[in-house]
Each structure stands twice: as C-alpha cells, then as structure tokens.
Amino acid sequence: VQLAESGGGLVQPGGSLRLSCTASGSTLDYYEIGWFRQAPGKEREGVSCISGGGGSTNYADSVKGRFTISRDNAKRTVYLQMNSLKPEDTAVYYCAATGGVDIGSHHALDPSLWFDAYWGQGTQVTVSS
C-alpha cells in the first residue's frame with residue numbers, strides 16, 4: 001500500500017484545513033488508518049484514527065471537538081477535517097495504515113502500535129498569523 005497525504009498549507013489561527021490520505025496499490029477497506037503529527041524537536045504523536053469500516057474513531061485530547069476523521073473507501077481516501085486551528089497544531093502530518101489496532105482502545109494512538117504500518121511522506125501544516 002502506498003499512501004499520499006495532501007491538503008496541508010499555511011493557515012491563520014482559527015482557520016481550517018482538510019487533509020487527505022489517498023491509497024494506491026490496494027484498497028483501504030481492511031486497514032485501520034491513523035493520522036499522526038511531528039513538530040520540530042518533538043516526538044511523533046497520534047492525532048486521530050479510524051476503523052476499516054469507519055464505525056469507530058479515536059482522537060487525541062488536544063484535538064477533540066476540533067478535528068474530525070472520516071473515510072471514503074470507494075475513493076481509497078481518509079480525511080482529517082481540522083477546524084479552529086491553533087499555532088500548536090503546526091507540524092508535519094502523516095497518515096498510516098495498519099491492521100490489528102483496536103481503535104477504541106485508550107492506547108490506539110500510541111505510535112509504537114503502528115510500528116509496522118504503511119506510512120505516507122507527510123504534509124506540512126503551519127498555523128501562523
């Protein structure tokens with residue numbers, strides 16, 4: 001599975017962006033998909049994840065109520081709608097595809113659980129005035 005992120009860019013605080021993660025080489029139906037981010041000098045952190053069928057989602061506390069994850073398996077694409085963006089959301093955002101992660105678990109966004117996932121190259125999100 002090859003993953004490609006898009007939709008990043010520069011946005012003012014309070015603004016919105018929608019990131020897309022599009023797969024090639026395989027369907028996404030059987031994969032859990034996660035969004036992660038890494039800011040300069042910081043470790044990679046989980047942002048949100050979604051089950052293969054889209055029925056289960058999970059969010060980091062820092063983005064709850066602001067970000068929404070969704071998927072369209074027919075389009076092989078997973079989206080991350082980001083609203084009310086803050087400067088601390090600035091990071092490179094990555095998507096990852098894996099199987100076997102319990103999306104409803106408190107640990108679902110632990111990057112170590114995604115160590116054998118397929119990863120995209122990332123897209124830069126910068127929130128600044």
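**Exercise 1.** Work out which residues Ser48 touches, not counting residues up to four places away in sequence.

*Solution.* Start with contact, meaning heavy atoms within 4.5 Å. On that basis Ser48 touches Ile33, Gly34, Trp35, Asn58, Tyr59, Ile69, Leu80 and Leu109. Keep in mind that this is a predicted model, where local features need pLDDT of at least 70, side-chain atom pairs count only at pLDDT 80 or more, and totals for chains, interfaces and linings use all residues. Residues are numbered from 1 along each chain as its sequence is written, and side-chain values use heavy atoms, with hydrogens and water left out.

Finally, look at the side chain of Ser48, which reaches the backbone oxygen of Asn58 at 2.9 Å.

**Exercise 2.** Find which cysteines the disulfide joins, and explain why Cys49 is too far for a bond.

*Solution.* A disulfide is a pair of cysteine sulfur atoms within 2.5 Å, and there's one here. It joins Cys21 to Cys95, S to S 2.1 Å. The two ends are 74 residues apart, Cys21 in strand E3 and Cys95 in strand E9. Both are buried, and the link is right-handed, with 70° about the S-S bond.

Now for Cys49: the closest cysteine sulfur, in Cys95, is 13 Å from its own, so that's too far for a bond. Cys49 is also buried, at a relative accessible area of 0%.

Conventions:
Polar contact = N/O pair within 3.5 Å; in protein donor to acceptor, adjacent residues only side chain to side chain. Helix = DSSP H or I, 4+ residues; strand = E, 2+ residues; numbered from the N terminus. Buried < 20%, exposed > 50% of the residue type's maximum accessible area, 1.4 Å probe, protein only.
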